[in-house]
Amino acid sequence: DIGVTGVQTCALPIWLRYRPNEIAVKRLVAHIWPRVVSKMPGAELWIGGADPPRWLKHLPPSSGIRVVSPVPDMPRFLREARVVAAPVALGSGTQLKVYEALEAGAAVVASPEVVARASTAELAIPARVASSDEAFAEEILSLLRDPDQAAREGAAGREAVVRYADRERFTEELAGLLRRVVA
């Protein structure tokens with residue numbers, strides 16, 4: 001069970017053995033999260049994904065960091081977080097994690113690189129952008145302290161992603177295209 005109640009949570013959902021993601025996790029754990037818990041003791045960071053490195057699995061319980069691997073239900077994992085952090089600067093595929101977080105209705109704080117890669121002419125990603133570790137911590141804290149604002153931002157993100165990239169609609173469009181090609 002990955003659910004908790006009444007705890008301010010921040011999540012990072014990624015494949016943990018991918019080097020750009022591991023760099024982001026190290027940044028979050030070493031530089032951003034300590035700033036968050038210094039101002040909000042008891043807050044929890046859930047890091048969810050496949051293949052966590054040994055150093056991550058052995059963090060002390062007092063860190064407020066919980067590693068979930070494997071994640072049996074990623075949409076649920078994301079829905080249960082008040083905010084999703086994506087301090088990733090490198091790599092491909094990160095924008096998909098942002099789309100997943102927004103689709104689940106989570107508020108998102110992301111690096112400018114992630115937001116730029118995920119945004120298109122049709123969709124400006126509705127995420128808070130943070131460049132520095134301090135800015136990341138402040139944006140995360142703001143959302144953790146204001147659950148109503150986090151919920152509003154999550155709902156707006158979900159609406160934008162579903163409107164722009166609804167899986168069912170695109171599946172139907174692709175099926176129609178394939179039927180025309182076969183015919």
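This is a predicted model: local features need pLDDT of at least 70, side-chain atom pairs count only at pLDDT 80 or more; totals for chains, interfaces and linings use all residues.
**Exercise 1.** Compare the reach of helix H7 with its expected span, then state which residues of H7 are buried and how they are placed around the axis.

*Solution.* 
Step 1. H7 covers residues 147-165, a run of 19 residues.
Step 2. From first C-alpha to last, H7 reaches 26 Å, close to the 27 Å expected at 1.5 Å a residue.
Step 3. The buried residues in H7 are Ala150, Glu153, Gly154, Gly157, Ala160 and Val161. These residues lie on the same side of H7, because they cover an arc of only 130° around the axis.
Step 4. An α-helix has 3.6 residues a turn, so residues three or four places apart point the same way.
Step 5. Asp148, Glu159 and Arg163 are exposed on the other side of H7.

**Exercise 2.** Describe the surroundings of alanine 104, including where alanine 104 sits and which residues alanine 104 contacts beyond its neighbours within four places in sequence.

*Solution.* 
Step 1. Alanine 104 lies in the loop between helix H4 (94-103) and strand S5 (107-110).
Step 2. Its relative accessible area is 16%. Buried means under 20%, so alanine 104 is buried.
Step 3. Leaving aside neighbours within four places in sequence, alanine 104 is in contact with Pro75, Leu78 and Arg79.
Step 4. Arginine 158 is 54 residues from alanine 104 in sequence, yet their C-alpha atoms are 6.5 Å apart.

Notes. Residues are numbered from 1 along each chain as its sequence is written. Side-chain values use heavy atoms; hydrogens and water are left out. Helices (H or I, at least four residues) and strands (E, at least two) are DSSP runs, numbered from the N terminus. The expected span of a helix is 1.5 Å times one less than its number of residues. Buried means under 20% relative accessible area, exposed over 50%, partly exposed in between (1.4 Å probe, protein chains only). The arc is that of the directions from the helix axis to the C-beta atoms. Contact means heavy atoms within 4.5 Å.
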